[in-house]
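Here's a quick tour of the fold you're about to see. Have the viewer open and follow along.

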Amino acid sequence: MSLRTRTSLRLTAATVGAVLLATGCNAAAKDGDSDQGGEGKAFTLVTPDPVAQNEFLKLAVGGVKAAAKAQGGSQKVFQSSDNDSRQQNVASAVDAAPDVVALVGFEFADIVAQQAEAHPKQQFLLVDACTKKAYKNVTCAVFREHEAVFLAGAEAGLLTEAKKVGAVDALDTPQFRRYSEPFEAGAKKVRPGVSSRTLFVGGQSPFNDAARAKDQAATLASGGADQVMAAAAGGNTGVFQAAKAVRGKGFQAYGVDANQCPGNPGVVVDNVLKKTDVAVEKGIAQILSGKGGTTVSYGLKEGGMSLTGLEPGAAGSKCLIAKPANKDVLRRVEKLRDDIVAGKLTVDDPAA
């Protein structure tokens, strides 16, 4: 499940501008809303929310564009705003009968199940979720977030001065504990004796309550935590605000999904990256090769999860981990990553 944070991404305004804002069946038919590729394959991506500044969804857009380019085909992107528009956009996509309809988010699980049964010849790619029942025409791409979170926790363990770390999760569920329990485990792996505490946003708007997230982060800071994992979705802005409020006292944060460092200078150490672009592009290729109808898990080994600090161009990321003083920290984290990829180190999955 994505936390769908909103930060900067290396996509141009032209790329975003080419995206179709569709809220119903009629909007899907507008001209100039897609990249055309002649007689090649056709792909449609449906998002659960407007792309706007949602970096998780921007990556997915990049993935479908890359797939269209690789296949010499065309792509369309339908942006939704609520459950009604999600259903309408999926119906519009299916009516056009593209080679693959790709969808991002758990919100589409039931919709895809219904459409897959009604249209058995239509191929679907569901990213970051899966249907309860398996279908031959539904391919799922899920992520092992806990692996990269463990690495972020290792950074926190190596950087903490107070030997206290923490996490702010949107909800107290196994899925969201993938962003807190491995963080604690990673910290303790490299720094025995580190203590950890997790607080939850909850309430009526657990994914968008920046004020509540800020309060929870401030509570962790007042308890001595100087390294905090921000896993509060849209509420992450509140966590970063709390970090800025006590900056100088050692409270540093960790972002999710994309690079949240540029928008929060001097606050964010690193980010747990979930590469929806990789999942979309590889998932489409998998379907076209005749290997659809399965669930593929993307982790460190497959390149579906990573940290900003471990990516090319990290030096210009504006993340604290990129400072020269943290070179040794990154070397140790790289070794842990390599051990996980090689199967020498296993990270427990709270959602298993």
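## Ground rules

Two strands count as paired if DSSP finds at least two bridges between them. Helices (H or I, at least four residues) and strands (E, at least two) are DSSP runs, numbered from the N terminus.

This is a predicted model, where local features need pLDDT of at least 70 and side-chain atom pairs count only at pLDDT 80 or more, while totals for chains, interfaces and linings use all residues. Residues are numbered from 1 along each chain as its sequence is written, and side-chain values use heavy atoms, with hydrogens and water left out.

## Confidence and overall make-up

On pLDDT (the predictor's confidence in each residue, from 0 to 100), the chain averages 89, and 88% of its residues reach 70 or more. The stretch to watch is residues 5–33, where pLDDT is below 50; it still has 63 contacts in the model beyond near neighbours in sequence. Where pLDDT is low, the predicted coordinates should not be read in detail.

The chain comes to ten helices and 13 strands. Of its 352 residues, 53% are buried, meaning under 20% relative accessible area, with exposed being over 50% and partly exposed in between (1.4 Å probe, protein chains only). Contact here means heavy atoms within 4.5 Å. Among contacts between residues at least 6 apart in sequence, 72% join residues at least 24 apart.

Start with the open sheet of six strands, ordered 8-7-9-10-11-13 with mixed pairing. Strand 8 (195–200) and strand 13 (305–307) sit at the edges with a single partner strand each, so one side of each has no neighbour in the sheet. From one strand to the next, the twist averages 20°. Such angles run from 0 to 180 degrees between N-to-C directions, and axes are lines fitted to C-alpha atoms, for helices over the stretch in contact.

Helix 5 (residues 145–159) lies across strands 7, 9, 10, 11 and 13, running at about 170° to strand 11.

## Two cores

A nonpolar core is a set of buried Ala, Val, Leu, Ile, Met, Phe, Trp, Tyr and Cys residues joined through side-chain atoms within 4.5 Å. The largest one has 78 residues, and L151, V168, V239 and V272 have the most contacts inside it. Helix 5 supplies the largest share, eight residues. V239 touches V168, F251 and A253, among others, not counting residues up to four places away in sequence.

A second, separate core of 19 residues includes V94, V101, V138 and C140.

## Around strand 6

Strand 6 (residues 138–143) is mostly covered, with five of its six residues buried. Strand 5 (residues 124–127) pairs with strand 6 in the parallel sense over four bridges, with L126 partnered by C140. Strand 12 (residues 295–298) also runs parallel to strand 6, again through four bridges, and here V142 faces S297.

Helix 2 (residues 55–71) packs on helix 9 (residues 276–288) at about 35°, with their axes 6 Å apart. Residues in the contact include G62, G63 and A66 of helix 2 and V280 and I284 of helix 9.

Most residues other than glycine have a negative phi. D257, in strand 10, has a positive phi near 75° and is buried, at 2% relative accessible area. K318 has a positive phi too, about 70°, but lies in the loop between strand 13 and helix 10 and is exposed at 57%.
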